[in-house]
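Visitor: Could you take me through this structure by question and answer, with the cut-offs behind each term stated as we go?

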Amino acid sequence: MKYHSKISGLGYYVPDNIVTNDDLSKKMDTNDEWIQERTGIQERRHIIRGEDTTTSMGVKAAKIAIERSGVSKEDIDFVIFATLSPDYYFPGPGVLVQRDLGLKTVGALDVRNQCSGFVYAVSVADQFIKTGMYKNILVIGSEVHSTGLDMTTRGRGVSVIFGDGAGAAVLSRTEEEGKGILSTHLHSEGQHAEELALQAPGMGKRWVTDIIADNDPNDESYYPYMNGQFVFKNAVVRFSEVINEGLETNNLQVSDINMLIPHQANLRISQFIQQKFKLTDDQVYNNIQKYGNTTAASIPIALTEAWEKGKIKEGDLVVLAAFGSGFTWGSVIIRW
Ligand code: UT7
């Protein structure tokens, strides 16, 4: 018997607290015009202290995805959680989801691939289902950025971009040929690891005794660093390559794409890809305007919204593509 995986349920959750560009301009030297022109972002969500965490948002998104999948909680047999902003340094949030959802003592895996996290997680889930090992896997991408950003003018090149939120999918076994996930493609180039990174906390960066002795709140290594233009230039090339790789593997053409869900890094990146592939507005879904860049959560949030709006229908060819810190990048080709 040949097994495949399909997405049987989707859900997302974002905190209620909306932070506009004008709100940010009260904290740092920035403005609505710059942010919209360079990134397309109008607003993003930030958690309210004590109300949400990466795990709690992931759990809220997961509950919706499980409900819609028609799969009972007892039948979820693996959890994969993608995030760069775990509640704890360890253990990762996968086990917290197992606990908070009251799942059986199923395996829980944490994926650390930043903006490509959801694509990597889906790929892992797909392999487990193809081998026959598991039937229903809960995949979550969730991020809290707001508590870790440099909200001064020094950090403006990074902090205006990122937002908080979570998305989830249930992947389930199907025996239907040519349906569900057709292929996944993963890449990395660690040579550029430091071009988009948060170096501390990290055991390579500091001894704990040093941190206790001279913890310097102005140490920039405690905030994410991004070489924006370098990341941008690499992103547009890798997005194109990995979408083409997925299409070629399945003998498909660009014209076969019904819906491209690009990782929401920057509206200008999405628009560049759209123009390069000559896709219409209906063939690409963007929501960075409302949520900013939510790294591992961005694709499942956008995919869920597009699906909720009826933009993805049975039989459609859906392409997910991501690029981010690592550098890592990847794509998923789905026949819905
Ligand atoms: O999700 C993972 C992957 N991430 C990405 O793909 C992000 C890729 N990169 C980008 O999206 C863009 O590079 C950014 C949006 C981060 C930056 O846009 P940019 O057009 O590359 O601007 P820049 O960094 O070259 O900065 C241009 C100017 C600088 O001023 P000077 O040196 O020209 O005087 C910055 O200091 O804009 C200034 N600037 C700002 N001004 C107002 C930087 N950030 C801000 C800000 N508000 N928030």
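Guide: Before we start, a word on accessibility: buried means under 20% relative accessible area, exposed means over 50%, and partly exposed is in between, with a 1.4 Å probe and protein chains only. This is a predicted model, in which local features need pLDDT of at least 70 and side-chain atom pairs count only at pLDDT 80 or more, while totals for chains, interfaces and linings use all residues. Residues are numbered from 1 along each chain as its sequence is written, and side-chain values use heavy atoms, with hydrogens and water left out.

Visitor: How many salt bridges does the count come to?
Guide: A salt bridge here is a side-chain nitrogen of Lys or Arg within 4 Å of a carboxyl oxygen of Asp or Glu. By this rule the count comes to twelve.

Visitor: In the salt bridge of D126 with K130, which class does D126 fall into, buried or exposed?
Guide: The closest N and O atoms of D126 and K130 are 3.1 Å apart, and both residues lie in helix α5 (residues 117–130), four residues apart, or about one turn of the helix. K130, at 33% relative accessibility, counts as partly exposed. D126, at 0% relative accessibility, counts as buried.

Visitor: What is the relative accessibility of R238, the partner of E189?
Guide: E189 and R238 form a salt bridge whose closest N and O atoms are 3.0 Å apart. Because E189 lies in the loop between β8 (180–188) and β9 (196–197) while R238 lies in helix α8 (residues 228–249), the pair ties together parts that are 49 residues apart in sequence. R238 counts as buried, its relative accessibility being 17%.

Visitor: Which strand pairs with β1 in the antiparallel sense?
Guide: Strand β1 (residues 4–13) is mostly covered, with eight of its ten residues buried. Two strands pair if DSSP finds at least two bridges between them, and β1 has nine antiparallel bridges to its partner. Y12 stands opposite G167, and the partner strand (residues 165–174) is β7.

Visitor: Which backbone nitrogen does the side chain of T174 reach?
Guide: T174 is found in strand β7 and, at 8% relative accessibility, counts as buried. Contact means heavy atoms within 4.5 Å, and, leaving aside neighbours within four places in sequence, T174 is in contact with K2, Y3, H4, S5, K6 and K179. At 3.1 Å, its side chain reaches the backbone nitrogen of E176.

Visitor: In β4, which residues point the other way from F78, I80 and A82?
Guide: In a regular strand the side chains alternate between the two faces of the sheet. In β4, five of its five residues are buried, and the strand runs parallel to β5, joined to it by five bridges. F78, I80 and A82 point one way, and the other way point V79 and F81.

Visitor: What covers the buried residues of α4?
Guide: In helix α4 (residues 93–100), the buried residues are P93, G94, L96, V97 and Q98. What covers them includes α3, β4 (78–82), β5 (107–111) and β6 (136–143).

Visitor: How many residues surround the ligand?
Guide: A residue is near a molecule if one of its heavy atoms lies within 4 Å of it, and the closest ones here are T30, R38, Q229, N266 and N293. An N or O atom in the side chain of T30 is 2.6 Å from a nitrogen atom of the ligand, while a polar side-chain atom of R38 lies 2.8 Å from a ligand oxygen atom. The number of residues surrounding the ligand is 23.

Technical notes
Helix = DSSP H or I, 4+ residues; strand = E, 2+ residues; numbered from the N terminus. Polar contact = N/O pair within 3.5 Å; in protein donor to acceptor, adjacent residues only side chain to side chain.
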